[in-house]
Amino acid sequence: MTTERPPLPDRLSIDPKSPHYIEAIFEHDIGIHFNGKVRSDVSEYCVSEAWVMVPAGRALDRRGNPLLIKLKGKVEAFYIDR
C-alpha cells in the first residue's frame, strides 16, 4: 500500500508555531542533503535561499528552545523510502 506524498515545499519548519510548518509532510520521513551530506538535525530549511537552521550545540533561548544558527549552502530535500 503506497500513500500519495505531497510535494516538498521550498521552505519547511519542524516548529508547529511556524507559518512554514506543514503537518501533512511530517506524516512521511524526509531527509535533507546539505552541501552533499545528509543532515539529521535540521530544524528549518529553504531550498531557494540555500540555507538550513540547525541547533547551536546545547544552547537554549530564554523560552527553553534550542538556539538555532543559519548555515548557507546547497540544500536538497527528499523523502526517505522505507
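The lining of the second largest pocket has 10 nonpolar, four polar and three charged residues. In this classification Ala, Val, Leu, Ile, Met, Phe, Trp, Tyr, Cys and Pro are nonpolar, Asp, Glu, Lys and Arg are charged, and the others, Gly among them, are polar. The model is predicted: local features need pLDDT of at least 70, side-chain atom pairs count only at pLDDT 80 or more, and totals for chains, interfaces and linings use all residues. Residues are numbered from 1 along each chain as its sequence is written, and side-chain values use heavy atoms, with hydrogens and water left out.

**Pockets**

- A pocket is an open set of points on a 1 Å grid over the protein atoms alone, where a 1.4 Å probe fits and protein lies on both sides within 12 Å along at least five of seven lines; lining residues have an atom within 4 Å of a point.
- The second largest pocket has a volume of about 200 Å³, where volume is the space filled by probe spheres set on grid points joined across faces, edges and corners.
- Of the 17 residues that line the second largest pocket, Ile30, Ile32, Arg39, Ser40 and Val42 lie nearest its centre.
- At least two lining residues of this second largest pocket come from each of S1 (11-13), S2 (30-34), S3 (37-39) and S4 (44-46), and S2 gives the largest share, three residues.
- The largest pocket holds about 250 Å³ of space.
- Residues lining the largest pocket are Ser13, Ile14, Asp15, Lys17, Ser43, Glu44, Asp61, Asn65, Pro66 and Leu68; by class they are three nonpolar, three polar and four charged.

**Overall fold**

- The protein has seven strands and zero helices; both are DSSP runs numbered from the N terminus, with strands (E) of at least two residues and helices (H or I) of at least four.
- Along the sequence the pattern reads β-β-β-β-β-β-β.
- A box of roughly 45 × 25 × 20 Å, taken along the principal axes, is filled by the C-alpha atoms.
- Of the 82 residues, 26% are buried, meaning under 20% relative accessible area with a 1.4 Å probe and protein chains only; exposed means over 50%, and partly exposed lies in between.

**Strand pairing**

- Strands pair if DSSP finds at least two bridges between them.
- S4 and S5 (residues 51-60) run antiparallel and are joined by three bridges, with Tyr45 opposite Val52 in S5.
- The hairpin of S4 and S5 has four residues between the strands, and in it Ala50 takes a positive phi near 60°.
- Six bridges pair S5 with S6 (residues 66-72) in the antiparallel sense; Val54 has Ile69 in S6 as its bridge partner.
- Five residues lie between the strands in the hairpin of S5 and S6, where Gly64 takes a positive phi near 90°.

**Aromatic contacts**

- Rings of Phe, Tyr and Trp (its six-membered ring) pair if their centres lie within 6.5 Å; planes under 30 degrees apart are stacked, over 60 edge-to-face and the rest tilted.
- The count by this rule is one aromatic pair.
- Tyr21 and Phe26 have ring centres 5.3 Å apart and planes at 15°, so the pair is stacked.
- Tyr21 is partly exposed at 26% relative accessibility, and Phe26 is partly exposed at 31%.
- Phe26 sits in the loop between S1 and S2; its C-alpha atom is 8.4 Å from that of Ile14, 12 residues apart along the chain.
- Lys70 lies over the face of Trp51, 4.6 Å from the ring centre; the rule requires NZ of Lys or CZ of Arg within 6 Å of the ring centre and within 35 degrees of the ring normal.
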